[in-house]
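Visitor: I would like to go through this model term by term. Please set each label against its definition.

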Amino acid sequence: MADVANKYAENVPGKFYVDDQCIDCDLCRDDGGHSYVYKQPETPEEEGLCKEAMEGCPVEAIGNDGA
């Protein structure tokens with residue numbers, strides 16, 4: 001389960017984040033060796049995509065602090 005205390009500094013402010021459990025599995029890959037939230041969802045569709053990514057994360061590194 002993702003831990004807000006261990007989230008990457010690259011995450012933009014908001015309720016979704018990626019923490020240091022990320023294994024760069026290619027589900028949400030970036031060029032830095034781990035993924036992070038670069039844009040918080042602004043529509044219900046984007047919110048659904050974030051939740052889908054959370055469910056698909058093999059190490060549960062994507063969190064939602066409910067803010």
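Visitor: Which residues does G63 touch, and how do you know that they count as contacts?
Guide: G63 touches A2, K15, F16, Y17 and M54, leaving aside residues up to four places away in sequence. Contact means heavy atoms within 4.5 Å, so each of these residues has such a pair with G63. The model is predicted, so local features need pLDDT of at least 70 and side-chain atom pairs count only at pLDDT 80 or more, while totals for chains, interfaces and linings use all residues. Numbering runs from 1 along each chain as its sequence is written, and side-chain values use heavy atoms, with hydrogens and water left out.

Visitor: Why is G63 called buried?
Guide: Buried means under 20% relative accessible area, exposed means over 50%, and partly exposed is in between (1.4 Å probe, protein chains only). G63 has 4% relative accessibility, so G63 counts as buried.

Visitor: What makes the place of G63 a strand?
Guide: G63 lies in β2. Helices (H or I, at least four residues) and strands (E, at least two) are DSSP runs, numbered from the N terminus.

Visitor: Is Q40 buried or exposed, and how do you know?
Guide: Q40 has 14% relative accessibility, so Q40 counts as buried. Q40 is in the loop between β1 and α1. Leaving out residues up to four places away in sequence, Q40 touches V12, P13, G14, K15, F16 and E46. C-alpha to C-alpha, Q40 and D19 are 15 Å apart in space and 21 residues apart in sequence.

Visitor: P13 is among the residues that Q40 touches. Is P13 buried or exposed?
Guide: P13 has 75% relative accessibility, so P13 counts as exposed. P13 lies in the segment before β1. Its C-alpha atom is 8.7 Å from that of V37, 24 residues apart along the chain.

Visitor: What label does E60 get, and why?
Guide: E60 has a relative accessible area of 46%, so E60 is partly exposed. E60 lies in the loop between α1 and β2 (62-64).

Visitor: How do you know how many disulfides the structure holds?
Guide: A disulfide is a pair of cysteine sulfur atoms within 2.5 Å. The structure holds zero. C22 is in no disulfide, as the nearest cysteine sulfur, that of C25, is 6.6 Å away. For C57 the nearest cysteine sulfur is also that of C25, at 6.0 Å, and C57 is in no disulfide.

Visitor: Are C22 and C57 buried or exposed?
Guide: C22 has 19% relative accessibility, so C22 counts as buried. C57 has 12%, so C57 counts as buried.

Visitor: What makes a group of residues a nonpolar core?
Guide: A nonpolar core is a set of buried Ala, Val, Leu, Ile, Met, Phe, Trp, Tyr and Cys residues joined through side-chain atoms within 4.5 Å. The largest one here has 10 residues: Y8, F16, V18, C22, V37, C50, A53, C57, A61 and I62. β1 and α1 each supply at least two residues of this core. A61, one of the core residues, touches A2, Y17, V18, D19, Q21 and C22, not counting residues up to four places away in sequence.

Visitor: What makes one space a cavity and another a pocket?
Guide: On a 1 Å grid over the protein atoms alone, a cavity is a set of points where a 1.4 Å probe fits but cannot get out. A pocket is an open set with protein on both sides within 12 Å along at least five of seven lines. Lining residues have an atom within 4 Å of a point. Grid points are joined across faces, edges and corners, and a volume is the space filled by probe spheres set on the points. The largest pocket holds about 420 Å³ of space. It is lined by 16 residues, with Y38, K39, L49, C50 and A53 the closest to its centre. β1 (16-18) and α1 (44-56) are the elements that give two or more residues to this lining. α1 gives the most, with four residues.

Visitor: How many cavities of 30 Å³ or more does the structure hold?
Guide: One. The largest cavity has a volume of about 110 Å³. Its lining has 15 residues, and C22, C25, C28, S35 and C57 lie nearest its centre.

Visitor: How do the linings divide by residue kind?
Guide: Ala, Val, Leu, Ile, Met, Phe, Trp, Tyr, Cys and Pro count as nonpolar, Asp, Glu, Lys and Arg as charged, and the others, Gly among them, as polar. The lining of the largest pocket has 12 nonpolar, two polar and two charged residues. The lining of the largest cavity has 11 nonpolar, one polar and three charged.
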